[in-house]
Amino acid sequence: PQPVLAVVGRPNVGKSTLVNRIIGRREAVVQDVPGVTRDRVAYDALWSGRKFTVVDTGGWEPDATGMYASVAAQAELAMSTADAILFVVDATVGATATDEAAVRVLRKSKRPVLLVANKVDDERVMGDVAALWSLGLGEPIPVSGLHGRGSGDMLDKILDAL
Ligand code: GDP
Ligand code: MG
């Protein structure tokens, strides 16, 4: 079986956009209606001759249990099913209390957790990226899911983690 990468993070940070970037196709639904569960969330990916499965966790976005609980549950589920986790933060917003709650869960994982700083569309956002070291997940990987900036470096790091 191929290794599995789960993409986790708050709604609207750009998880589905990054999944599309990773698979090189437009299959993950961007700007999905929160709370709507899709039946297909796992996609085949190929990079540098290696195959893996990428799971878009967008189907578990906020519900009646509230944002903290749903993001924490999403993180727990990802930890139990994935070989590595891509934790996505919106660099233009910075680390929120919900991001910190997710990190508390993710730090218990025995699997590698990569911190991705998304929406780094240009150099001006790099100062905000450095602030994300405070999450305690190591070096933030700056990317723009929308424009593709940094996605090759991110994919190399994904393969190292899987
Ligand atoms: P998700 O809810 O985490 O899956 O986020 P989506 O992938 O649906 O993206 C939410 C919104 O952020 C959409 O309007 C995207 O176009 C936008 N977005 C995603 N990635 C980027 C990025 O790198 N830069 C910018 N400027 N916008 C982005
Ligand atoms: Mg999504």
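**Figure 1. Burial and layout of the chain.** Buried residues make up 38% of the 162 residues in the chain. The model is predicted. The chain has five helices and six strands. Read from the N terminus, these elements follow the order β-α-β-β-α-β-α-β-α-β-α. Among contacts with a separation of 6 or more, 70% join residues 24 or more positions apart.

Figure 2. Six strands form an open sheet in the order β2-β3-β1-β4-β5-β6. The pairing is mixed. β2 (42-47) and β6 (141-142) stand at the edges. Each has a single partner strand, so one side of each lacks a neighbour in the sheet. β4 and β5 run parallel and are joined by six bridges. In this pair, D90 stands opposite N118 of β5.

**Figure 3. Two helices packed on the sheet.** α5 touches β1, β2, β3, β4, β5 and β6 as it packs on the sheet. The direction of α5 makes about 170 degrees with that of β5.

Figure 4. The buried residues are K15, S16, T17, L18, V19, N20, R21 and I22. Their cover includes β1, β2, β3, β4, β5 and α5. G24 follows α1 and has a positive phi, near 70 degrees.

**Figure 5. The hairpin of β2 and β3.** β2 and β3 pair in the antiparallel sense over six bridges. A45 has F52 of β3 as its bridge partner. Two residues lie between the strands of this hairpin. S48 lies in the loop between β2 and β3. Its phi is positive, near 50 degrees, in a residue other than glycine. Is S48 buried or exposed? S48 has 9 other C-beta atoms within 10 Å, and the limit for an exposed residue is 12 or fewer. S48 is therefore exposed.

Figure 6. K119 lies in the loop between β5 and α4 (126-130). K119 is not a glycine, yet its phi is positive, about 70 degrees. Here 24 other C-beta atoms lie within 10 Å, and burial needs 20 or more. K119 is therefore buried.

**Figure 7. The largest nonpolar core.** This core holds 39 residues. Which of them touch the most other members? They are L5, V7, V8, I85, L86, F87 and V116. At least two core residues come from each of β1 (4-8), α1 (15-23), β3 (50-56), α2 (67-81), β4 (84-90), α3 (97-106), β5 (113-118) and α5 (151-161). β4 gives the most, with six residues.

**Figure 8. V7 in strand β1.** V7 lies in β1. With 27 C-beta neighbours inside 10 Å, V7 counts as buried, since 20 or more are needed. Leaving out residues up to four places away in sequence, V7 touches K15, L18, V19, V54, V55, D56, T57, L86 and V88. A78 is 71 residues from V7 in sequence. In space, the two are 7.9 Å apart, C-alpha to C-alpha. V7 is also one of the core residues that touch the most other members.

**Figure 9. Contacts of V116.** V116 is another of the core residues with the most contacts to other members. Which residues is V116 in contact with, leaving aside neighbours within four places in sequence? The list is L18, L86, F87, V88, V89, I141, V143 and M154.

**Figure 10. The shell around ligand 1.** Around ligand 1 there are 18 residues. G14, K15, S16, T17 and L146 come nearest. How do the residues of this shell divide into nonpolar, polar and charged? Four are nonpolar, ten polar and four charged. α1 supplies the largest share of the shell, three residues.

Methods. Residues numbered from 1 in each chain as written. Chains lettered and ligands numbered in written order. Predicted model: local features only at pLDDT ≥ 70, side-chain atom pairs only at ≥ 80, totals over all residues. Core = buried A, V, L, I, M, F, W, Y, C linked by C-beta atoms within 7 Å. Helix = DSSP H or I, 4+ residues; strand = E, 2+ residues; numbered from the N terminus. Contact = placed C-beta atoms within 7 Å. Pairing = 2+ DSSP bridges. Axes fitted to C-alpha atoms, helices over the stretch in contact; angles between N-to-C directions. Near = placed C-beta within 6 Å. Nonpolar A, V, L, I, M, F, W, Y, C, P; charged D, E, K, R; others polar.
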